[in-house]
Amino acid sequence: MPLFPDQASTFAPHVDALYLFLVCLTAFFSLLIGTLVVVFAIKYRRRAENEVPDLVHESGLLEMTWTVIPFLITMVLFVWSSWVYFRITRPPREAMDVYVTGKQWMWKLQHANGRMEMNELHVPVGRAVRLTMASEDVIHSFYIPAFRFKRDVVPGRFATAWFEATRPGRYHLFCAQYCGTRHSNMIGWVHVLTPADYQAWLSGGVLGESLASAGAKRFVENACNTCHAEKPGARGPSLNAIFGKVQRLQGGQTVVVDEAYLRESIVNPQAKLVEGYPSIMPTYQGLISEEGLLQLVAYVKSLSPAPAAPPVAAPAPPAPGERKAATK
Amino acid sequence: MSAKGHAHPTLKVYFAVFAALMIFTALTVWAAFEHLGIWNTPVALAIAVTKATLVVLFFMHLRYSPRLTAVVLSSSLVWLVILFVITLSDYLSRPWLPIYNR
Amino acid sequence: MAEAHAAAPHAADPRLQHHFADLAAQKEASTLGMWAFLVTEVLFFGGMFAAYVVYRALFTRAFEGASNLLDIRLGAFNTAVLILSSLTMAIAVRAASQGRKNLIILFLVLTIVLGSTFLGVKVEEYRQKFEHHEVPGPHFVVPEGLPRQAEIFFSLYFCMTGLHALHMIIGVGLLTWLIVKARKGAFTGSYNSPVEMVGLYWHFVDIIWIFLFPLLYLLGRHAP
Amino acid sequence: MSSAVVGALPVEPRQHYLNVRYGVGSWLLTVDHKRIAILYLIGVTFFFAIGGVFAALIRMELLTPPGDLFLSETYNRLFTTHGVMMVFFFMIPAIPSVLGNFLIPMMIGAKDLAFPRINLLSWYLYMIGGLIALWALIHGGVDTGWTFYTPYSTVYSNGWVVVTAVGIFLAGFSSILTGLNFLVTIHTMRAPGMTWRRLPLFVWAHYATSIIQLLGTPVIAITLLLVGAERLFHLGIFDPRQGGDPVLFQHLFWFYSHPAVYIMILPAMGVISELVTGMSRKPVFGYKFIAGSSLAIAVLSFLVWGHHMFVSGQSVYAGLVFSILSFLVAIPSAIKVFNWTATLYKGSVSYQTPMLYALGFIGLFTIGGLTGLFLASLGLDIHVHDTYFIIAHFHYIMVGGTIMGYLGGLHYWWPKISGKLYPEAWARVSAWVIFLGFNLTFFPQFILGYLGMPRRYHAYPAEFQVLNVMSTAGASILGIGYMIPLVYFFWSMRYGKTAPANPWGATGLEWQTPSPPPTENFPVTPVVTREPYDYLTKEEPAVG
């Protein structure tokens with residue numbers, strides 16, 4: 001019977017340290033209170049029906065002590081746990097991308113080179129993995145206990161999160177947010193492979209086209225290229241090298257171009273209009289699946305110079321419109 | 001403590017308050033069509049708050065009521081602010097986080 | 001309102017309930033109770049106002065555009081009607097504190113007439129929205145050139161004004177009940193808290209509208 | 001003052017609130033707060049039994065890893081029904097509506113609550129709401145979980161969500177009216193001399209509770225209305241396909257539902273404050289701090305709801321704010337625990353049943369409260385969120401806290417309520433059985449949660465079985481533990497020894513009137529001249 005979960009990511013030791021500290025703290029205070037209660041209850045048990053207890057004066061000092069000490073402890077906890085949280089929140093720039101779609105009741109995972117999986121995720125050890133997740137229907141939650149990793153996938157927007165596995169092995173993947181009848185069947189495995197095994201896995205199996213090239217196809221299918229034509233006088237703004245940049249909007253506001261903004265601009269283009277372009281783009285809400293959106297976003301991302309990525313992944317087959325970034 | 005027999009405002013006060021409410025209504029409609037930049041919303045809300053205050057103070061006799069009534073009423077406003085401010089703080093601060101670490 | 005029930009007559013002293021020391025204490029309790037009830041009402045509407053505030057902040061363009069599709073003349077007219085009804089209600093409460101039966105009835109009737117006018121105008125506004133397919137749901141058509149969150153604006157519009165109208169209808173019912181009681185001569189200079197309580201309720205409903213009007217009808221007007 | 005009444009006429013039994021009138025009508029139309037408390041006791045016990053049966057079914061299913069006893073649909077309905085029944089129809093009304101209703105007027109020296117008819121109305125709303133919800137949950141079936149997260153509840157679930165929401169809405173209204181009644185009563189109906197600083201801590205706790213009820217409940221009411229309207233009319237407010245945001249639902253839901261946890265626990269804390277002082281016959285240590293911490297909890301509880309949403313995609317900065325505030329709300333609770341412990345010091349501590357519950361409460365609440373710190377910790381919550389760790393934590397608070405407090409209070413005031421004494425030996429046995437069964441049920445769930453077993457799982461991986469078997473075993477013991485008091489309380493109504501006015505030798509106005517009290521509570525309105533919990537100055541023997 002296991003009493004402690006596997007430790008298989010860079011977060012796990014940090015989370016566990018915090019956990020063990022809190023376990024000790026809980027044990028200490030529970031025992032302290034428990035002991036005091038038992039000792040007092042025995043020592044000062046009622047010996048005669050009409051006894052009158054001693055007068056005990058209230059003590060302001062005592063009250064201050066047991067107000068201030070818990071306060072200090074909680075503040076230490078706050079700083080510590082927030083520090084751990086911030087590590088978990090922001091992915092490093094060189095993280096490799098995996099795209100996740102949750103739907104009742106399965107996980108669909110797409111790798112950048114086009115390899116797809118159902119309820120299984122293969123990742124290399126020692127490499128940061130950034131997940132961009134979308135839900136087709138209700139809220140799901142991508143949970144890998146061994147990684148101490150969890151993120152709700154709320155429909156209508158992307159959720160991004162990252163982890164870095166540290167130990168090869170096979171670990172549980174759960175859906176942690178109740179999502180309907182077969183919620184407890186929305187489970188799977190995460191396989192952490194050594195870099196060599198990962199390479200082998202990645203090139204094995206049926207290799208589809210890369211995500212970005214699939215996105216490029218959709219870009220043409222949906223006639224996006226008629227307006228986003230990448231030439232002077234085009235009716236739609238250029239998508240070249242915009243990812244991660246600041247875009248000026250109509251009305252003077254600005255927005256950082258990230259996955260969320262790209263997604264919104266496809267399904268609800270009227271929400272944030274780029275300065276200098278009329279609001280002529282139709283909405284694609286309901287016309288493109290979440291998977292398709294992820295592909296389109298991957299395509300637009302591929303038009304921007306990618307952050308430095310160490311060459312772990314096998315090079316994807318070149319695709320039309322896709323510009324591979326030179327690796328450092 | 002007793003609320004009994006608290007003074008009612010005179011009819012004159014009632015009519016004055018009514019007139020003020022009507023004027024403010026006209027004012028807020030007029031202001032809505034002016035281009036005040038970011039100030040359109042604050043002006044509209046300020047007028048609404050003023051109107052509501054007039055109603056509460058005079059029509060609802062808060063001005064002539066025990067202090068406890070004012071405390072009870074203000075608690076609802078404080079809690080409303082809690083609800084709005086904390087909920088909004090989530091939405092408004094979501095874009096702050098950079099995409100990547102550093 | 002239910003609070004007003006609590007102040008209904010009792011066997012010993014016709015209007016004093018057995019567990020209160022005197023009428024003053026009884027009135028103090030019912031006044032505090034009514035205010036506390038209004039506090040919960042503030043937060044009841046507050047939940048929807050919070051949704052409104054958040055979505056307006058997120059979808060400003062959609063909300064301003066959709067807001068401009070409401071009929072500002074009807075909205076302004078209704079605002080004036082409701083403020084006037086607050087005045088008549090206040091005068092009715094004043095008349096009750098002086099125990100002037102006919103005056104009470106007159107102004108309560110006026111209040112009902114104004115309240116019904118408001119509701120009638122509201123029905124007309126709803127009818128127009130139905131005609132223009134601006135009612136959220138399967139038959140909703142996103143207005144030309146607006147983001148699809150315009151639908152959320154109309155959802156909130158119908159929820160907020162609908163709930164407000166429901167409060168108006170309850171208010172009209174309470175006013176009717178007061179008129180019946182007043183005709184029997186129930187209210188005197190020393191006992192009139194039901195009128196006062198319903199008055200508080202009516203003014204509260206007025207205040208909700210004072211905020212709904214600018215938030216729903218006005219905030220997009222300056223936009224081109 | 002009570003003995004004179006009893007002694008004068010030995011032949012004719014003394015008239016009290018129970019025998020003043022007979023017949024169903026005299027109960028269903030009563031406006032006496034004591035009788036309404038009994039009505040609530042019946043309703044609350046009924047819904048608790050329903051919730052308990054469903055808990056038993058859940059535990060039976062979880063005995064084995066595969067989902068083999070029930071279908072997935074059925075299992076999801078089981079935990080939804082368990083949650084809805086226990087949260088909205090047992091935990092929230094239990095202590096305020098039964099003990100609070102019975103005791104608050106007596107403790108402050110009033111004849112009744114300020115609005116007796118509204119009090120009865122709120123019982124009817126509660127029962128009607130409860131029965132509607134129960135009907136919807138069992139006949140129609142609802143599988144959303146008690147949290148009703150959108151868009152599952154608004155679009156994808158095909159159960160009777162709207163009807164259930166109506167039931168909860170009515171119960172919410174009942175809760176608002178109860179809170180309103182308490183608030184006005186405590187403000188306006190205190191006996192001469194009953195100053196704010198002399199209010200029993202039980203009353204202070206209920207005052208704080210009523211603030212939460214008044215300010216929080218309307219928000220859940222409107223939120224559930226919006227969910228219902230969205231289901232019926234496709235409004236899109238919480239539906240991402242129409243541009244809405246499901247997370248907004250979570251904000252509105254938890255704005256009430258986190259404070260609701262304190263609606264459940266604050267009254268229990270009030271009970272424990274009374275039990276600890278009464279059973280150790282000592283003035284409470286730190287009266288002002290315990291009373292003040294109740295108010296602090298009432299206010300702070302409204303500022304922490306976002307800790308239910310740390311992994312929901314809420315802004316990390318909002319998460320930070322919610323985290324620090326969540327840590328702060330732990331402090332008033334800690335103050336209470338320390339003060340209760342200090343009250344025992346140099347007291348005259350009795351081990352009778354109410355005290356066993358009180359001590360059990362202190363221990364379990366301490367663990368429950370401290371494990372709350374795990375969840376306030378941003379980095380750690382990511383792992384344990386939506387796992388059995390959460391389940392264990394809130395059951396330590398709600399079952400280990402609220403139910404222990406409720407049962408302790410019921411035992412303590414049972415002689416006053418019924419006029420009869422319950423069998424002490426059986427009561428002690430059941431207190432121990434409940435304590436041990438409880439820990440066996442829920443402690444393993446902490447470990448399960450950290451191992452990563454998600455909540456609301458119909459089937460689970462085999463390596464979690466041993467801990468689940470322990471939990472189920474504990475639940476059976478716990479179930480037996482709950483049945484014993486049910487039996488002997490009934491038994492005592494007929495066969496129990498007649499209770500004196502003040503069986504514990506406690507202070508407090510409720511002990512100065514006969515057991516059971518007359519309809520008007522006090523023959524003469526009492527005048528309070530002494531400080532609360534004044535066990536040291538023995539001017540008059542506090543025995544009736």
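Biologist: In this predicted model, which hand does the crossing of H7(D) and H8(D) have?

Modeller: Left-handed: that is how H7(D) passes H8(D). By class, their contact has 20 nonpolar, ten polar and one charged residues.

Biologist: Why does the span of helix H12 of chain D agree with its number of residues?

Modeller: H12(D) covers residues 353–376, which is 24 residues. The expected span is 1.5 Å times one less than the number of residues. For H12(D) that should be 34 Å, and its end C-alpha atoms are 34 Å apart, so the two agree.

Biologist: What makes H12(D) mostly covered?

Modeller: Burial needs 20 or more other C-beta atoms within 10 Å of a residue's own. In H12(D), 24 of its 24 residues are buried.

Biologist: How many residues of chain A and of chain D are in contact?

Modeller: 71 residues of chain A are in contact with 79 of chain D. The cut-off is C-beta atoms within 7 Å.

Biologist: Which element gives the most to the side of chain A that touches chain D?

Modeller: H1(A), with 15 residues. By class, that side of chain A has 39 nonpolar, 20 polar and twelve charged residues.

Definitions and conventions:
Residues are numbered from 1 along each chain as its sequence is written. Chains are lettered from A and ligands numbered from 1 in the order in which they are written. This is a predicted model: local features need pLDDT of at least 70, side-chain atom pairs count only at pLDDT 80 or more; totals for chains, interfaces and linings use all residues. A crossing is left-handed if the near helix is turned anticlockwise from the far one by less than a right angle, and right-handed if clockwise. Helices (H or I, at least four residues) and strands (E, at least two) are DSSP runs, numbered from the N terminus. Ala, Val, Leu, Ile, Met, Phe, Trp, Tyr, Cys and Pro count as nonpolar, Asp, Glu, Lys and Arg as charged, and the others, Gly among them, as polar. A residue is buried if 20 or more other C-beta atoms lie within 10 Å of its own, exposed if 12 or fewer, and partly exposed in between; C-beta atoms are placed from the backbone. Two residues are in contact if their C-beta atoms, placed from the backbone, lie within 7 Å.
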